[in-house]
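The sequence and the model are shown first, and the description follows.

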Amino acid sequence: MTDAGPLLEARRVFKGFFGNPVLKGVDIALRPGRVHALLGENGAGKSTLINLLSGALAPDKGAIAIDGQPISRLSPASARAAGIAVVQQELSLAGDLSIAENIGLGAYPRRFGLIDYAALARGVREVCDLVGLTEPLDMPVADLALGRRQMVEIAKALFRKPRVLILDEPTSSLSAHEAGVLGRLIATLRDRGVAILYISHRLNEVQALCSHVTVLKDGGVTADRSLAGVDGEGLVRLMVGRETGELFPPKPQQRVGKVRIDVEGFSAGLVRDARLAGRAGEIVGIGGLVGQGQEDLLLGLYGAIPAKADRAEIDGRSGLPVDVAAANAAGMVYVPADRKHEGLVLPHSIASNILLPSLGRLARGGLRDRRAEAGLVADLARQLMIKGDVARPVQALSGGNQQKVALAKWLPLDPGVLLLNDPTRGVDIETKREIYLMLRRFAAEGRLVILASSDTPELVHLCDRVLVLREGLVAAELSGPAITEAAIVGAAMGVEQGEGIGRKTVQ
Amino acid sequence: MMRAKAILRNPPLLTFLLVALVWLIAGLSLRGFGAYGHLRYLLELAAVIGIAAAGQTLVVLMGGIDLSVGAVITVTAILLPLLSPAWDPTGLVGVALVLAIAVGIGLLNGAGATFLQVPPIIMTLAMATFLQGMLVLVAGGSAVTVQNPAVLLLGQSRPLGVPAGVVLWILVSACMLLLIHRMPIGARFLALGANPLAARLSGVSTTRNTLILYALSGFFAGLAGLLLLGMNRQGYVGIGDPYLLTSIAAVVLGGTSILGGRGTYAGTIPGAILLVTTTALITVVNASPGWRSIMFGSLILALLMISGREARR
């Protein structure tokens, strides 16, 4: 059966955004009756590839082929007509509409120009039985739990009788039971000759369901092979493994300074019962899959969201900061991941942004001291090599320079602890190198740098110690030579090193 | 060409030029418009709007809106005669008490907006309705006459030929420009207005600044109420009503973004003058009060469409 020609292919596709290449000549071929896994870390280009395959984006170069025929301009509508269905990670359901209406949306059976609700109900009932949805069909989707909504989303894809089914992390919100139902459903569809592309971070599911794998790394394919005889560790090895170059400054010999942060039994947002300690001169990394509580950990320490701890000591003072102002006063600063929405006041000038935390300190007699302000801004712009006129709005800068402004504004406070949330996301390689050097320098100056990152090499080559979070818990604490990509990826996905796979959620 | 573009990009200057143009044309074509006495009268009227719009400018800069301005003006105008004790020959005690009440109302608005997270538009509208009900209970339907010497002095005297109200407005303008452009808190208001989340994560306290802001708005509305009372010699329920729309219109005419984060009081000043000029020109037209209201409303809308164009964000 797998000898049949591919139903859907990407042939050497290239795609970039704003001059930033995301896919660099990727090939993938989905064959009927095969469950094909697509693996890769965050930012490897998986979502972009899915968008190309479903016609949501057009490739810059290369082609998408259906049944062996290259299609010049694949639109989402023509992709649907060709039998390609995608179950997205972000749910795309209309909450106020019923289960039946959502499933049929865009493909309602008509009779005399009106919606034929009887025919709709028959077709919907059929796919709901397949995915195990037993709720009344006229129930509004908003009343369903997240996992049930995901099942509606899958039923919606099946309603169109797809020949190619793309599932983007379908089990991330499913219970073990629902995941089991989905696993059996995928096997049934495979046996009927549907070509399935399965994206998941859960390697045990990939092993149980898939027979072929494509691994993406930095926009290129690093593996395209059968999964026969590959175990959990082998999968991790396939995902890791790449030269890192001279991007990172050398790690100095560990010089232990005074304790700057020591918290125990720390809970904030998703994070439960975490223990975190850091000393002056250290760069501590926080890793894990996206959304496992990394941001909550930083925001909780920073006093920006409610947090509690059994015991907390920050630079000799006990207790967590009650708000951001208290955190700043204690010498803690925070650089958010989403600099456009959380880090910077985009329409305001570079100078205003840099000055915002220092306004009060620079004022004399209640009035702003223009000359002191200008001096400070000029000094920081030179130190951090921020290019351009400081009176320009910050939104005119490149991502890398914006990030430097977001960092620069904190330096006048002489912070003892820097909390950084993915500071190199969307930043070009040259600025990345500058930022890494800067972080090393901050540590050498006796500061503590706590760095949450979705970029595993960054954690391995920059950090002295790494905490890996999974579902809000500290899944592993690694230090020194134990910090390897395999160890971090393994801990993030719950694969114990040397023990093969963890619990099986899909049979 | 470059200069023309710079003027177009500078809303306060643009509004100022518009005022000058209207005054020039009206002065040349309408008998009596250009007389010193008439222009002085216009400025006196503009002072009330300008002072009421001072607090509104700050609130709008921070991305909020204060719909209780009119009600606060009425409250001060009606309460002042009741709260001025007979033993105080200066009248300053009554003035202080009434301004304290105005600030208190503003603080309540701010507390609702920041602690209860009620959207400012709802909070201040509810406050206005509440105050109007209170006033009907306190004052009944009758007008009150003012005898407070300080307020009468403010409304009636003309040191060196300049109305005291205009002098007060000049003082308020100086303070406002200082606050927005030379004090740290002004930069914080602007940052909160443009991106509250980023400002908060930069250590700018939303709670503290919201409270200060609405307190200031209450204070300036109270001040405008006292001036209006002094000019009118009488206070009655509804005296402040016209100043709600005009205070917002003056802010927006001056080029301050209704979405917050961008603007200056320097634009509100000519904005207020433009509004009273418009009213004066409509009065010249021989029409019934109903038609005048309709014309005024349409003109404000037209002016806002011309000067309030703003890029969508």
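In the predicted model, A:V87 has A:L167 of β9(A) as its bridge partner. The two strands concerned, β6(A) and β9 (residues 164-168) of chain A, are joined by four bridges and run parallel. Both belong to an open sheet of six strands in chain A, whose order is β6-β9-β10-β3-β11-β12 and whose pairing is mixed. At its edges lie β6 (84-87) and β12 of chain A, each of which pairs on one side only. From one strand to its neighbour the turn is 15° on average, with direction ignored.

Helix α6 (residues 176-191) of chain A packs on this sheet, where α6 touches β3 (35-39), β9 and β10 (195-199) of chain A. The direction of α6 makes about 150° with that of β10(A). Another helix, α8 (residues 232-239) of chain A, lies across β3, β11 and β12 of chain A and runs at about 35° to β11(A).

The antiparallel part of the sheet includes β11 (residues 212-217) and β12 (residues 220-226) of chain A, which are paired over six bridges. Within this pair, A:K217 stands opposite A:G220 of β12(A). The two strands form a hairpin with two residues between them, and A:D218 in the turn has a positive phi of about 50°.

A further open sheet of six strands in chain A has the order β19-β20-β21-β15-β22-β23, again with mixed pairing. Its edge strands are β19 (332-335) and β23 (473-479) of chain A, and each pairs on one side only. The twist from one strand to the next averages 15°. Strands β15 (residues 283-287) and β21 (residues 448-452) of chain A run parallel and are joined by four bridges. Here A:I450 in β21(A) is the bridge partner of A:V284. Helix α18 (residues 485-493) of chain A packs on the sheet and touches β22 (465-470) and β23 of chain A. The direction of α18 makes about 25° with that of β22(A).

| Strand pair | Sense | Bridges |
|---|---|---|
| β6(A) and β9(A) | parallel | four |
| β11(A) and β12(A) | antiparallel | six |
| β15(A) and β21(A) | parallel | four |

The remaining topic is the interface between the chains. The size of an interface is often given as the accessible area lost when the parts come together. Chain B and chain A bury about 1800 Å² between them, with 61% of it on carbon and sulfur atoms. Of the area that chain B buries against chain A, B:R182, B:L201 and B:S202 supply 34%, more than any other three residues. In terms of contacts, 21 residues of chain B meet 27 residues of chain A.

Which kinds of polar pairing occur between chain B and chain A? The rule finds eight residue pairs in polar contact across the interface, both residues being at pLDDT 80 or more, whereas the count of salt bridges is zero. On the side of chain B that touches chain A, the elements giving two or more residues are α8 (164-182), α9 (184-194) and α10 (196-201) of chain B. Among these, α9(B) gives the most, with six residues. The residues on this side of chain B divide into twelve nonpolar, five polar and four charged.

Technical notes. Residues are numbered from 1 along each chain as its sequence is written. Chains are lettered from A and ligands numbered from 1 in the order in which they are written. This is a predicted model: local features need pLDDT of at least 70, side-chain atom pairs count only at pLDDT 80 or more; totals for chains, interfaces and linings use all residues. Side-chain values use heavy atoms; hydrogens and water are left out. Two strands pair if DSSP finds at least two bridges between them. Axes are lines fitted to C-alpha atoms, for helices over the stretch in contact, and angles run from 0 to 180 degrees between N-to-C directions. Contact means heavy atoms within 4.5 Å. Buried area is the accessible area (1.4 Å probe) that two parts lose on being put together, summed over both. A salt bridge is a side-chain nitrogen of Lys or Arg within 4 Å of a carboxyl oxygen of Asp or Glu. A polar contact is a pair of N or O atoms within 3.5 Å; within protein, one must be able to donate a hydrogen and the other to accept it, and residues adjacent in sequence count only if both atoms are side-chain atoms. Ala, Val, Leu, Ile, Met, Phe, Trp, Tyr, Cys and Pro count as nonpolar, Asp, Glu, Lys and Arg as charged, and the others, Gly among them, as polar.
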